[in-house]
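Please look over the sequence and the model shown below before reading on.

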Amino acid sequence: MMTFRNIAMFNMIIIITLLLLNKASSYFLMLSVAQFIFIPFMLHLICKNDQSRISSCLVYWSIPAFIALFMIPIVKGTVPEVIPFLLSCIYFLFTLIVAIYGVSRF
């Protein structure tokens, strides 16, 4: 079963790859580390006791979001500007889903 812990391990590999490629500026890398590590762990803590349908789907929705976040600094400047915009829209949709989940809990 896919869990947020598995996603966090996958994200650590992504962070190491981003550091090795060094395509992004240092402030972007710090923000990416926060998004790649802390968000999965916080969602794991929030969703571990919740058995709702949206909490079980959050793990699978996070995979394309984190891949899009990984791809933004790599493709930026090498492809038309619409591609990084679409990738950021994918991550934004994941953020909206998490926000809706957060509001629905109360």
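Leaving aside its neighbours within four places in sequence, which residues is S62 in contact with? In this predicted model, S62 is in contact with F4, I7 and F94 once those neighbours are set aside. The residue belongs to helix α3, and S62 counts as buried because its relative accessible area is 0%, under the 20% cut-off.

## Overall fold

The chain contains four helices and zero strands, and when it is read along the sequence the pattern is α-α-α-α. Its radius of gyration is 14 Å, close to the 13 Å that the globule rule gives for 106 residues, so the chain is as compact as a globular protein of that length. Taken along the principal axes, the box filled by the C-alpha atoms is roughly 40 × 25 × 25 Å.

Buried residues make up 31% of the 106 residues of the chain, while the chain exposes about 6,800 Å², of which carbon and sulfur atoms supply 74%. Where contacts join residues at least 6 apart in sequence, 75% of them join residues at least 24 apart.

## How helix α1 packs

Two packed helices are described by the angle between their axes and by the distance between those axes. For helix α1, which covers residues 4-21, and helix α3, the angle is about 5 degrees and the axes lie 11 Å apart. The two helices are therefore roughly parallel to each other, since angles under 35 degrees count as such. On the α1 side this contact is made by F4, I7, F10, N11, I14, T17, L18 and L21, and on the α3 side by L58, V59, S62, I63, F66, I67, F70, P73 and I74.

With helix α2 the arrangement is described by other values: the axes of α1 and α2 come within 9 Å and cross at roughly 175 degrees. Because angles over 145 degrees count as roughly antiparallel, α1 is roughly antiparallel to α2. Here F4, R5, I7, A8, N11, M12, I14, I15, L18 and L19 in α1 meet L29, V33, F36, I37, P40, F41, L43, H44 and C47 in α2.

## Aromatic rings

The structure holds four aromatic pairs. In one of them, F36 and F66, the ring centres are 5.9 Å apart and the planes stand at 50 degrees, so the pair is tilted. F36 lies in helix α2 (residues 26-47) and F66 in helix α3 (residues 53-75), so this pair ties together parts that are 30 residues apart in sequence. Both F36 and F66 are buried.

The rings of F66 and Y91 also form a pair, with their centres 6.2 Å apart and their planes at 50 degrees, so this pair is tilted. It links distant parts of the chain, given that F66 sits in helix α3 and Y91 in helix α4 (residues 82-104), 25 residues apart. As for accessibility, F66 has a relative accessible area of 1% and is buried, and Y91, with a relative accessible area of 10%, is buried. One aromatic cluster is formed by F36, F66, Y91 and F94.

Technical notes: Residues are numbered from 1 along each chain as its sequence is written. This is a predicted model: local features need pLDDT of at least 70, side-chain atom pairs count only at pLDDT 80 or more; totals for chains, interfaces and linings use all residues. Side-chain values use heavy atoms; hydrogens and water are left out. The radius of gyration is taken over C-alpha atoms; the globule rule is 2.2 Å times the number of residues to the power 0.38. Buried means under 20% relative accessible area, exposed over 50%, partly exposed in between (1.4 Å probe, protein chains only). Contact means heavy atoms within 4.5 Å. Accessible areas come from the Shrake-Rupley method with a 1.4 Å probe; for residues, only the protein chains shown count as cover. Rings of Phe, Tyr and Trp (its six-membered ring) pair if their centres lie within 6.5 Å; planes under 30 degrees apart count as stacked, over 60 as edge-to-face and the rest as tilted. Axes are lines fitted to C-alpha atoms, for helices over the stretch in contact, and angles run from 0 to 180 degrees between N-to-C directions. Angles under 35 degrees count as roughly parallel, over 145 as roughly antiparallel, 65 to 115 as roughly perpendicular and the rest as oblique.
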